[in-house]
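User: I would like to go through this model term by term, and to hear for each label what stands behind it.

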Amino acid sequence: MTIRSKIQIIDFGAGNIASVANMIDYVGGTPEIVNSPDKLEYGVKTLLPGVGAFDYGMSCLEQGGWLPVLDQSVITERTPIMGICLGMQLMCKTSEEGRKPGLGWIDATARRFAFSAESGLKVPHMGWNRVTVSKPNELASNDPEEEKRFYFVHSYYVTCEKDQDAFLTCHHGHDFVAAFHRDNIWGVQFHPEKSHKFGMEIFRRFLEL
């Protein structure tokens, strides 16, 4: 009998939890929704999904008592974790969307897309878009012939202070970081749970780390 790898999905009040859990189950993992910090297990792979505004997300983490537990798990215990959409941005130091500091795990900032009316470009950046591999990584195939497309919904994008932290890039008016990685921390700006086979591959690779 195949042993299914458990993966924790943090429900801190600002995420699309059910669709993420369904996708993890579909690709062969055992999703466990964790809605209280005292239920988080150190060392068990973790997902931090998020939607909505930056300050709201940080307030949910603060008021829910998640901050010290997450720091212990991620920074001290080095538990593998992946942030999704807002979850990725919360891992940064700051965001132009709010005033609160982020988790600060990655030296990065979330900035708002700003385009002229003449450009015809819309904010939020919403829908399917191609990404390119800018650096080899365990979560992405390095085959240049393999198409990689993901579903995005975001008005803010991440810029990394250290270029080597980014491993996927996307283009909407200009290039931006679609995914970053440092040590045991990954973040993806797109929604893998809405990205069909491409998202399934990301989740499978994270499960197999």
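Analyst: What follows takes the labels one at a time and sets each value against its definition.

Analyst: This is a predicted model, in which local features need pLDDT of at least 70 and side-chain atom pairs count only at pLDDT 80 or more, while totals for chains, interfaces and linings use all residues. Residues are numbered from 1 along each chain as its sequence is written, and side-chain values use heavy atoms, with hydrogens and water left out.

User: Why is the pair of F152 and F176 called edge-to-face?

Analyst: Rings of Phe, Tyr and Trp (its six-membered ring) pair if their centres lie within 6.5 Å, and planes under 30 degrees apart count as stacked, over 60 as edge-to-face and the rest as tilted. The centres of F152 and F176 are 5.8 Å apart and their planes stand at 85 degrees, so the pair is edge-to-face. Because F152 lies in strand 8 and F176 in strand 11 (residues 175-182), the pair ties together parts that are 24 residues apart in sequence.

User: How many aromatic pairs does the structure hold, and what are the values for W128 and Y151?

Analyst: The structure holds 11 aromatic pairs. One of them joins W128 and Y151, edge-to-face with 6.1 Å centre to centre and 75 degrees between the planes. This pair links distant parts of the chain, with W128 in strand 7 (residues 125-133) and Y151 in strand 8 (residues 149-154), 23 residues apart. One aromatic cluster includes W128, Y151, F152 and F176.

User: Why is W128 called partly exposed, and which label do F152 and F176 carry?

Analyst: Buried means under 20% relative accessible area, exposed over 50%, and partly exposed in between (1.4 Å probe, protein chains only). W128 has 33% relative accessibility and therefore counts as partly exposed, whereas both F152 and F176 are buried.

User: How do you know that P49 is buried, and what is P49 in contact with?

Analyst: P49, which is found in strand 3 (residues 46-50), has a relative accessible area of 3% and is therefore buried. Contact means heavy atoms within 4.5 Å; leaving aside neighbours within four places in sequence, the contacts of P49 include I9, I10, F12 and I84.

User: What is the phi of R78, and what is the phi of H196?

Analyst: Most residues other than glycine have a negative phi, and most peptide bonds are trans. R78 has a positive phi of about 60 degrees although it is not a glycine, and R78 lies in the loop between helix 3 and strand 4 (81-85). H196, found in helix 5 (residues 196-207), likewise has a positive phi, near 50 degrees.

User: Why is R78 called partly exposed, and why is H196 called exposed?

Analyst: R78 has 47% relative accessibility and so counts as partly exposed, while H196 has a relative accessible area of 52% and is therefore exposed.

Definitions and conventions
Helix = DSSP H or I, 4+ residues; strand = E, 2+ residues; numbered from the N terminus.
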